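Visitor: I have a two-chain model open and would like to learn how to read it. Could you walk me through it?

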Amino acid sequence: MKLSFLGIAVISTLLSTAVYAETVIVTLEKDNALAIIDPVEGKLIKTVEVGQRPRGIVLSPDNKFLYVATSDDNTVKIIDADTFEVLGQLPSGEDPETFALNPAGDRLYVSNEDDHLVTVIDVINKKEVAKIKVGIEPEGIAVSSDNQWVVSASETTNMIHWIDVKTNQIVDNTLVDARPRAANFTADNKQLWVTSEMAGTLMVLDVATKKIIKKIKLDIQGLTSDKIQPVGVVIDKERRWGYVAIGPANRVAVINAQTLAVEKFLLVGQRVWNLAFSPDQKRLYTTNGRSNDISIINLENHKVMKSVGVGRFPWGIVSKP
Amino acid sequence: MKDNYFVIKSPVAISFFFIVLALTKTVLAENVQVVKISYITQQQKVPAALSNLDAFIQNKGMMGANIAIDDNNTTGQFTGQKFELNRVVVPIEGDVVQMFEQQVSIDTPFVITNLPAKQLKQLADLESAKDKLFFDATTTDDELRNSQCRHNILHLLPSRAMRADALAQYMMKKKWTQWFLVVGMTKQDQLYAKALRRAANRFGMNVVEEKRWTHTYDARRTAQSDVPVFTQGLDYDVLVVADEQGLFGEYFDYRAWIPRPVIGTQGLVPTAWHKTHEQWGAVQIQNRFKVLAGRGMQEQDYATYLAARSIGEAVVRTKSNQMQAIKDYLLGNEFALQGYKGKPLTFRPWNGQLRQPVLLAAARSLVAVAPVEGFLHPLTELDTLGFDRPESSCNQPGEVKAAVAVVSENNNSEGEEITIQKLIQRLKKYYNNLNGNK
């Protein structure tokens with residue numbers, strides 16, 4: 001009797017983890033730690049020390065490893081995505097902040113803001129493969145899912161540099177609005193979405209021609225234009241909706257990815273910067289740097305469901321099934 | 001020998017090679033658009049100082065322009081534009097006007113100046129300066145932005161009025177409403193005090209005491225004995241000091257009769273740039289500057305940096321190297337400069353002043369950034385600092401056009417036609433409310 005009861009308990013636990021298993025991992029810039037969150041329960045599970053000033057975070061395609069830029073340690077750490085143990089580190093160059101992983105998961109592209117470089121790292125051998133000279137203060141970086149392009153956004157040069165993955169050379173440049181922060185490809189790799197922090201715009205670039213095909217000025221009633229500072233941008237797999245985090249405006253813009261019209265603005269926490277989808281893309285998570293929490297948005301009805309306090313200065317965010 | 005193919009043996013081939021080389025060179029040279037900028041400054045005598053703690057920096061400002069030109073040229077590589085900086089340093093005894101006429105060529109449309117107001121006005125009024133645009137990276141003079149304003153000058157540093165307003169907003173937030181104003185003996189100190197009195201009035205606070213510092217400037221004789229006596233018998237919330245040269249202001253902290261914070265030219269200072277400023281990517285430019293200059297970035301360096309970056313930004317966007325096109329762009333709505341202060345920087349079309357947040361810094365910590373939260377404005381909160389459009393006695397030609405564009409952009413949702421007069425009325429009403437209808 002006792003045994004079977006235990007058995008049921010075990011099975012039900014297994015079931016519940018099987019149904020709900022999802023973990024959100026957030027870098028806490030000021031706490032030098034990772035926050036581990038159960039997004040379904042909406043609870044902070046624990047925080048784990050990780051190194052000094054963690055910012056950018058990426059999950060490997062097989063969900064086994066996390067890569068975390070610990071900026072003040074001048075390295076990118078490799079972390080076990082289940083135990084959160086530090087397994088090793090990568091030679092990222094100085095003050096790494098943002099980076100992107102290629103689809104195969106064996107090349108990491110790191111922006112080195114102070115040196116105006118993109119460093120290419122062989123993840124398997126933990127070796128630097130190339131340094132690519134780009135514009136002043138590169139920040140946003142993305143790799144297309146067909147592994148053809150790496151794009152680097154330089155904040156002071158105000159350009160998107162198109163780097164050919166095969167040659168590691170810049171083959172084209174697109175002039176964009178002031179202080180481009182983040183860039184992301186649509187899943188079909190036909191478009192690149194880029195945010196401009198100073199002009200308050202979202203620009204949609206055509207990947208084939210490398211030209212801006214649409215510029216969306218984000219205006220929010222009741223806010224002066226200097227508060228509109230778009231940063232993080234993500235687009236769902238079907239290219240139905242795109243989402244833009246608007247920093248000190250404390251809002252996420254919901255954009256119809258077909259018509260490129262702004263549908264609405266969702267009020268989240270303070271200074272919202274980075275965004276991540278849940279693996280099933282039913283939820284969107286935001287890091288809110290100044291209110292020290294993350295917001296969980298239900299994407300079926302575009303409503304903010306919950307905010308979860310996570311620690312000081314949440315910065316980067318990923319979600320793991 | 002697989003490398004043999006690179007050795008050109010035939011003389012015909014050699015000459016052909018050089019012809020091709022020459023051709024590519026000319027083609028390249030023709031394609032590059034050159035942007036000519038001059039930087040002019042005058043060497044200074046080492047001024048008297050309170051102490052030897054901060055070494056005198058000769059020619060502050062040059063390095064900021066250098067870095068911005070490098071940044072511009074990095075972008076220029078990709079856009080086919082080249083920025084050339086001609087540096088003119090007038091010796092201490094030299095004649096600025098003469099050197100300007102001799103060394104700044106007629107086809108140089110942009111001049112960054114690191115000169116006092118008087119000399120800047122002389123240059124701007126020259127016949128040869130008619131088609132030039134000046135970028136003032138030094139003065140904080142309010143008159144130069146009002147009754148004495150010139151249509152061919154843009155001002156990069158916050159005026160005294162902007163600084164005083166920044167201080168006042170912070171004092172209001174802290175409820176330090178009763179001020180003891182201490183003013184130095186120089187003309188600059190008087191102007192700083194004037195800006196402070198204006199700010200007190202503007203934000204509804206009181207200068208309850210005002211005294212002029214007439215004592216000596218010798219710390220050994222002065223500080224311990226004179227300061228307590230000087231400040232005795234007065235009651236106030238905050239001691240506001242106007243001492244631009246820094247000759248005595250540092251004396252007051254810890255020595256005044258009653259313990260009160262010191263704010264103004266010393267203590268908590270309003271500034272365009274400060275070593276304690278690290279937010280919004282500022283740490284990157286601070287680090288880059290230190291590596292290149294071997295010292296920290298100063299206000300004047302920040303100003304020359306912004307000046308050359310403004311030109312760079314406008315040239316890249318307009319694809320022009322002509323004065324009028326660049327000026328129109330800089331004063332228009334499209335222009336947004338990233339200046340490491342968390343807000344896009346723009347120029348006020350009515351007097352050419354760069355709109356910008358003002359840092360409020362203590363020696364080793366950044367205390368606040370003005371505009372302080374809660375000070376609102378119908379167009380941009382940055383215009384709560386300094387002389388706003390209806391208060392300004394400077395009217396730039398073309399200003400009305402730009403203003404109407406701003407207003408119509410801000411009102412397009414209502415479909416209401418807004419004239420400049422209506423806007424001014426609105427702003428006046430707003431200020432009357434702000435000042436409690438004084």
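Guide: We'll go from chains and domains down to single residues.

Guide: First, the ground rules: this is a predicted model, where local features need pLDDT of at least 70, side-chain atom pairs count only at pLDDT 80 or more, and totals for chains, interfaces and linings use all residues. Residues are numbered from 1 along each chain as its sequence is written, while chains are lettered from A and ligands numbered from 1 in the order in which they are written.

Visitor: Which domains does the assignment give for chain B?

Guide: Domain bounds come from an automatic or database domain assignment. For chain B it gives domain 1 (28-158 + 273-356) and domain 2 (161-271). Their centres, taken over C-alpha atoms, are 31 Å apart. Where they meet, nine residues of domain 1 of chain B contact eleven residues of domain 2 of chain B. The domain 1 side of that meeting has six nonpolar residues, one polar and two charged.

Visitor: What about helices and strands in chain B?

Guide: Helices (H or I, at least four residues) and strands (E, at least two) are DSSP runs, numbered from the N terminus. Chain B has twelve helices and 14 strands.

Visitor: How do I read burial and cores?

Guide: A residue is buried if 20 or more other C-beta atoms lie within 10 Å of its own, exposed if 12 or fewer, and partly exposed in between, with C-beta atoms placed from the backbone. In chain B, 45% of the 438 residues are buried. In soluble globular proteins, nonpolar side chains tend to be buried together. A nonpolar core is a set of buried Ala, Val, Leu, Ile, Met, Phe, Trp, Tyr and Cys residues joined through C-beta atoms within 7 Å. The largest one has 109 residues, and Leu196(B), Leu239(B), Ala307(B) and Leu360(B) touch the most other members. Helix α9 (residues 299-318) of chain B gives the most to this core, ten residues. Both domains of chain B put at least three residues each into this core. Leaving out residues up to four places away in sequence, Leu196(B) touches Ala164(B), Leu181(B), Val240(B) and Ala242(B). There is also a second, separate core of 83 residues, which includes Val68(A), Ile121(A), Leu275(A) and Ile297(A).

Visitor: Which residues of helix α10 of chain B are buried?

Guide: In α10 (residues 323-331), they are Ile326(B), Lys327(B), Leu330(B) and Leu331(B). They span an arc of only 120 degrees around the axis, so they sit on the same side of α10(B). The arc is that of the directions from the helix axis to the C-beta atoms.

Visitor: And how would I read a strand pair?

Guide: Two strands pair if DSSP finds at least two bridges between them. In chain A, strands β12 and β13 (residues 149-154) pair in the antiparallel sense over four bridges, with Ile141(A) opposite Ser152(A). The two strands form a hairpin with five residues between them, and Asn147(A) in the turn has a positive phi of about 55 degrees. Six of the six residues of β12 (residues 138-143) are buried, so this strand is largely enclosed by the rest of the structure.

Visitor: Is Arg179(A) buried or exposed?

Guide: Arg179(A) is buried, with 27 other C-beta atoms within 10 Å. It lies in the loop between β15 (169-175) and β16 (180-185) of chain A. Setting aside neighbours within four places in sequence, its contacts include Glu155(A), Glu197(A) and Gln338(B).

Key. Two residues are in contact if their C-beta atoms, placed from the backbone, lie within 7 Å. Ala, Val, Leu, Ile, Met, Phe, Trp, Tyr, Cys and Pro count as nonpolar, Asp, Glu, Lys and Arg as charged, and the others, Gly among them, as polar.
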